[in-house]
Amino acid sequence: MEIVLITGMSGSGKSVALNALEDVGFYCVDNLPPELLLAFVALEQKHQAARVAIAMDVRSATSLPLVPEQLNALRAQGMVIKPMFLDANTDTLVRRYSETRRKHPLSQSQGLATHTAQDEQRALVDAIELERELLADLREQSHVIDSSILRPSQLQGYVKSMVSSPQAQLTLVFESFAFKRGVPTDADFVFDVRMLPNPHYEPLLKALTGQDAPVSEFLQAQPEVEKMRGQITEFLNSWLESLARDHRSYVTVAIGCTGGQHRSVYLVEQLAKRFSQDWVTLKRHRELDAL
């Protein structure tokens, strides 16, 4: 049985992720109490279920510490476990709650009597930060997806690509992004390539992307670009085996330039091609995927 466990911040898109998994044939359960996880999986085994997705959130905070041990028990039974943690920055979560006028599940636990909009926002921020603390251990053991600036269709695509990748001891995720739109919080390593020659200033290349041949040819001809690619490759080659031995399931390498269109996209394409020879590799282009 393949089990995807979805946890994460309230308002980060867990329902969107569940819908994506339902679309590709998973039997999905939302807000399952951790105490019922093993019994639920046993029941689904009897029903011969092949793919199950389970969402848990901070409403089960007191029993969430049970989950890591339960997942190890399921792995020992031969289950394929893919833990996924959806995250977003605090400003984004505050805005989403303000737009939907929903109450954060921990808001009542703050014990704050709010009277003004400023009081309410402070209480919401406090609840979000408390939630981060409660979920920190689960986040550490999961593949993290930062949904801060993702459209629902982007998030669904990322979730589907994750579950469709082959099972491996370690999966590499290469992600291009624009610094002007923020650094992805799901990145394990961030490389800044804004100092490299920029095709944006070449009139014939400005409208193209790092996936287009003319841009690739331009960047391949730049010694600084090839030096950067070689140094990132050398760094990853030095540490990936150690990360795999440390039981890391996913490592996200984010490459950032100014607009997330040319240099970072080109390097992600090249690095993904190189490392796919030895590792299960996924690639994302945060800004291009949003178009």
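**Group meeting: a walk through a predicted chain**

Let me begin with Thr7, which is found in strand β1, the strand that covers residues 2-8. Thr7 has a relative accessible area of 2%, and because buried means under 20%, Thr7 counts as buried. If we set aside residues up to four places away in sequence, Thr7 touches Lys14, Met56, Met84, Phe85, Leu86, Leu138 and Ser142. As a reference for distance across the chain, take Thr7 together with Ile232: they are 225 residues apart along the chain, and their C-alpha atoms are separated by 31 Å.

From that strand, let me step back to the chain as a whole. The chain has 10 helices and nine strands, and its C-alpha trace spans about 60 × 55 × 35 Å along the principal axes. How does the radius of gyration of the chain, 21 Å, stand against that of a compact globule? For 291 residues, a compact globule would have a radius of gyration near 19 Å, so the value of 21 Å agrees with that expectation. Buried residues make up 49% of the 291 residues, while the accessible surface of the chain comes to about 14300 Å², with 50% of that surface belonging to carbon and sulfur atoms. If we take the contacts between residues at least 6 apart in sequence, 80% of them join residues at least 24 apart. On the charges, there are 30 positive and 36 negative ones in the chain, and their mean positions are 3 Å apart.

Next, the cysteines that I picked out. Cys257 lies in strand β8, which covers residues 250-257, and with a relative accessible area of 2% Cys257 is buried. Which residues does Cys257 touch, not counting residues up to four places away in sequence? Those residues are Phe177, Ala178, Phe179, Val193, Arg194, Arg263 and Ser264. Cys28, by contrast, is partly exposed, with a relative accessible area of 21%. As for disulfides, which need a pair of cysteine sulfur atoms within 2.5 Å, the count comes to zero.

Let me turn to the backbone. Asn31 is not a glycine, yet it has a positive phi of about 55°, and its place is in the loop between β2, residues 27-29, and α2, residues 37-46. At 26% relative accessibility, Asn31 counts as partly exposed. Not counting residues up to four places away in sequence, Asn31 touches Ala55, Asp57, Arg59 and Ser60, and from C-alpha to C-alpha Asn31 is 7.5 Å from Ile54, a residue 23 places away in sequence.

The other case is Gln48, a residue other than glycine whose phi has a positive value near 60°. Gln48 lies in the loop between α2 and β3, with β3 covering residues 51-55. Is Gln48 buried or exposed? With a relative accessible area of 72%, Gln48 is exposed, because the cut-off for that label is over 50%.

The place of Gln154 is in helix α6, which covers residues 152-164, and Gln154 is buried, with a relative accessible area of 4%. Leaving aside its neighbours within four places in sequence, Gln154 is in contact with Ile149, Arg286, Asp289 and Ala290. Ser216, in turn, lies in helix α7, residues 213-220, and at 13% relative accessibility Ser216 also counts as buried, because that value is under 20%. Where neighbours within four places in sequence are left aside, Ser216 is in contact with Gly210 and Tyr266.

Conventions:
Residues numbered from 1 in each chain as written. Predicted model: local features only at pLDDT ≥ 70, side-chain atom pairs only at ≥ 80, totals over all residues. Heavy atoms only, no water. Helix = DSSP H or I, 4+ residues; strand = E, 2+ residues; numbered from the N terminus. Rg over C-alpha atoms; globule rule 2.2 N^0.38 Å. Buried < 20%, exposed > 50% of the residue type's maximum accessible area, 1.4 Å probe, protein only. Contact = heavy atoms within 4.5 Å. Areas by Shrake-Rupley, 256 points an atom, 1.4 Å probe, with all protein chains shown as cover. Lys, Arg positive; Asp, Glu negative; His and termini not counted. Charge placed at Lys NZ, Arg CZ, Asp CG, Glu CD.
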